[in-house]
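The following exercises are to be worked through with the sequence and the structure at hand. Each task is followed by a solution in steps.

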Number of protein chains: 2
Amino acid sequence: MSIFLRSTARATIAVMLLSATAVSAVAQDVLPSWNDGANKDSIVEFVTAVTTEGGPDYVAPGDRIATFDNDGTLWGEQPMYVQLAFALDRVKTMAPDHPEWKDTEPFKSVLAGDMKGVAASGKKGLLAIIAATHSGMSTAEFEKIATDWMATARHPKTGKAYTEMVYQPMLELIDYLKANKFEVFIVSGGGIEFMRPWTEKIYGIPTQNVVGSSIKTKYVVKDGTPVIMREAAFDFIDDKEGKPLGINSHIGRRPIASFGNSGGDFQMLQWAAAGDGRSLKMLVFHDDADREYAYGPADGLPDSKFGTFPQSLMDDVKGRDWNVISMKKDWKQIYPSQ
Amino acid sequence: MSIFLRSTARATIAVMLLSATAVSAVAQDVLPSWNDGANKDSIVEFVTAVTTEGGPDYVAPGDRIATFDNDGTLWGEQPMYVQLAFALDRVKTMAPDHPEWKDTEPFKSVLAGDMKGVAASGKKGLLAIIAATHSGMSTAEFEKIATDWMATARHPKTGKAYTEMVYQPMLELIDYLKANKFEVFIVSGGGIEFMRPWTEKIYGIPTQNVVGSSIKTKYVVKDGTPVIMREAAFDFIDDKEGKPLGINSHIGRRPIASFGNSGGDFQMLQWAAAGDGRSLKMLVFHDDADREYAYGPADGLPDSKFGTFPQSLMDDVKGRDWNVISMKKDWKQIYPSQ
């Protein structure tokens, strides 16, 4: 047994040496927006290890599952989640048909642009906004509404379309993983039908590889034509403990690589880490006030209502073989076009 | 507009003529277990039409979604659903640890082999059997239990393993669709975690392409190790109206080809039929008492508790462009090895 272990250890060292040689040459080609350093090396070394046939860490292509959170991991989430910006815009668009909203919270605050008032309405207020803007229509109608909005909405700070504010280094990472026969999934707290209309075009991730939160739906045949109606009740919240459950339900295999950026991603990475073989777990840390946003509250950065990265998570990660990606230090470029 | 229509019609006819020529040559190679005839021609003509670039019915690869029911469509479902046979066997295996079952229905009837008694316990009894045999363990434990059972269980009539009782013509159809860049999914009323351990090996359909009924799950961290526990409550029933909802939730695109065999598949095929372009909708009719089973009650065949094909469905299909596959006439061979 000890001979076997030693032999495995030797093989591991051999692969690591091979990988180290490969890192500098390969990484420059495949991850051009990543600065050289430990995180870029970790990615390339991991991918090399699990794709090296005969190596101790080899994983067959079908089991190379990678999961990415979306908000704050693949695209921005400040000053608020994109889907919340969508919901607030929808309230304004729909207001002429709802004169009663002028005197009813949380709509009154939304229409007055009073975000503190919206926040004061709490979870109940948020649910009322979601119900009013995300339900009562068919899935096809919602897809059109979301797509039309995405085509014209602009970020308040950059003036860019939200789909232009995806992270170039992560696009390269997705492509790199796919080129190495990983099956790449989004596992997001965001609404599954809010993401699906554009994930294939922007990320190269097709609808069936998008896992997200969902509301209840109902199959209705109207005048002989079936439609799927969106109802005003949550079906599944794909956050925290929900993420491994969503992965199990939707994918049915455990990821070997998982990427997030907040406390809501902890369980997803924990689930990936608990697999039998090697795994890669990375959290994006938004520490780049100049080029994007800086928020934590970990490491003394300002707190945030969206995508919170608590100090406890940062401390916890230090005791694990997880990587924290510093947006400031690790990313040469943030968006596809600067 | 009329010129455009005529031009489209001409193109359609041209493609049909091309397809008719192609049918005999291609079909013999790709669907050797299908007898020549209208149904085989329908399949090949449809696939040719949607994959012919520049043709009026062309569908891009990413939108070539095909969905298959499992029980009665891809494998047998008589004398009872395979999963029910599993559940009944589990009750027997678990009985020594549950002495109280000797006096408690529906377990008493199960242990006595009294299927009428089991049936008499109704839906409540069935739920009790499912709860006792399908919950209370982790997903990993359930996968092992299901896999071990599948490796040793044998069909009461043929003596074959259940995974040997998949339909050879459907295996060929799946391969043919995949070769033509279809993304193939199972959409079954069966338990999603009961199917996933073997669908890739037997059908070439990976876990993430399996949609099924599910029970509630819970993420639990035991001694620092996370597990997903199976709870004694249904989460989603993937049958009838549930099928299009499961397709929407899991796949996010409408199938252009859909295959079933019973009333439980009607809505799935109806959903496929309601798409914008061409679609293929096929129902397997079990009319082969000699080589498999014959049941309806449509067309005067005996009624069945499992996979019922009612006369109303047969009548309804006649008014639609759906195909009914006669197992007796259309299939040269039933199982992979005869």
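## Exercise 1: A salt bridge in chain A

A:Asp316 and A:Arg320 form a salt bridge in which the closest N and O atoms are 2.3 Å apart. The model is a predicted one, and every value below is computed from it.

**Task.** Determine whether A:Asp316 and A:Arg320 are buried or exposed, or in between.

**Solution.** 
Step 1. Recall the cut-offs: a residue is buried under 20% relative accessible area, exposed over 50%, and partly exposed in between.
Step 2. A:Asp316 has a relative accessibility of 29%, so this residue counts as partly exposed.
Step 3. A:Arg320 has a relative accessible area of 31% and is therefore partly exposed.

## Exercise 2: B:Arg253 and its partners

**Task.** Find which residues form salt bridges with B:Arg253, in chain B and in chain A.

**Solution.** 
Step 1. Within chain B, the partner is B:Asp63, with the closest N and O atoms 3.1 Å apart.
Step 2. B:Arg253 lies in the loop between α10 and β5 (257–260), and B:Asp63 in the loop between α2 (38–51) and β1 (65–68); the pair therefore ties together parts that are 190 residues apart in sequence.
Step 3. B:Arg253 counts as buried, at 14% relative accessibility, whereas B:Asp63 is partly exposed, at 39%.
Step 4. In chain A, the partner is A:Glu200, whose side chain meets that of B:Arg253 at 2.5 Å, N to O.

## Exercise 3: The interface of the two chains

**Task.** Describe the interface of chain B and chain A: how many residues take part, and what do they bring to it on the side of chain B?

**Solution.** 
Step 1. Count the residues: 30 come from chain B and 30 from chain A.
Step 2. Give the area: about 2,500 Å² is buried between the chains, and carbon and sulfur atoms give 53% of this area.
Step 3. Count the links: two salt bridges cross the interface, and 21 residue pairs are in polar contact across it.
Step 4. Name the elements: on the side of chain B that touches chain A, at least two residues each come from several elements, including β2 (183–191), α9 (192–203) and β3 (210–222). Helix α10 of chain B gives the most, with five residues.
Step 5. Sort the residues: this side of chain B comprises 13 nonpolar, 10 polar and seven charged residues.

## Exercise 4: A charged residue without a salt bridge

**Task.** Explain why B:Arg90 is not counted in a salt bridge.

**Solution.** 
Step 1. Locate the residue: B:Arg90 is part of helix α3 (residues 82–94) of chain B.
Step 2. B:Arg90 is buried, and the nearest side chain of opposite charge, that of B:Asp148, is 7.8 Å away.
Step 3. A salt bridge requires nitrogen and oxygen within 4 Å; B:Arg90 therefore has none, as its nearest side chain of opposite charge is 7.8 Å away.
Step 4. Apart from neighbours within four places in sequence, B:Arg90 is in contact with B:Thr133 and B:Ile145.

## Exercise 5: Backbone features

**Solution.** 
Step 1. A:Pro297 is placed in the loop between β6 (280–285) and α12 (311–318) of chain A.
Step 2. A:Asp299 is placed in the loop between β6 and α12 of chain A.
Step 3. In chain B, B:Asp299 has a positive phi of about 55°.
Step 4. Chain B also has a cis peptide bond that joins B:Glu105 and B:Pro106, with omega about 5°.

Technical notes
Residues are numbered from 1 along each chain as its sequence is written. Chains are lettered from A and ligands numbered from 1 in the order in which they are written. This is a predicted model: local features need pLDDT of at least 70, side-chain atom pairs count only at pLDDT 80 or more; totals for chains, interfaces and linings use all residues. Side-chain values use heavy atoms; hydrogens and water are left out. Helices (H or I, at least four residues) and strands (E, at least two) are DSSP runs, numbered from the N terminus. Buried means under 20% relative accessible area, exposed over 50%, partly exposed in between (1.4 Å probe, protein chains only). Lys and Arg count as positive and Asp and Glu as negative; His and the chain ends are not counted. Contact means heavy atoms within 4.5 Å. Buried area is the accessible area (1.4 Å probe) that two parts lose on being put together, summed over both. A polar contact is a pair of N or O atoms within 3.5 Å; within protein, one must be able to donate a hydrogen and the other to accept it, and residues adjacent in sequence count only if both atoms are side-chain atoms. Ala, Val, Leu, Ile, Met, Phe, Trp, Tyr, Cys and Pro count as nonpolar, Asp, Glu, Lys and Arg as charged, and the others, Gly among them, as polar.
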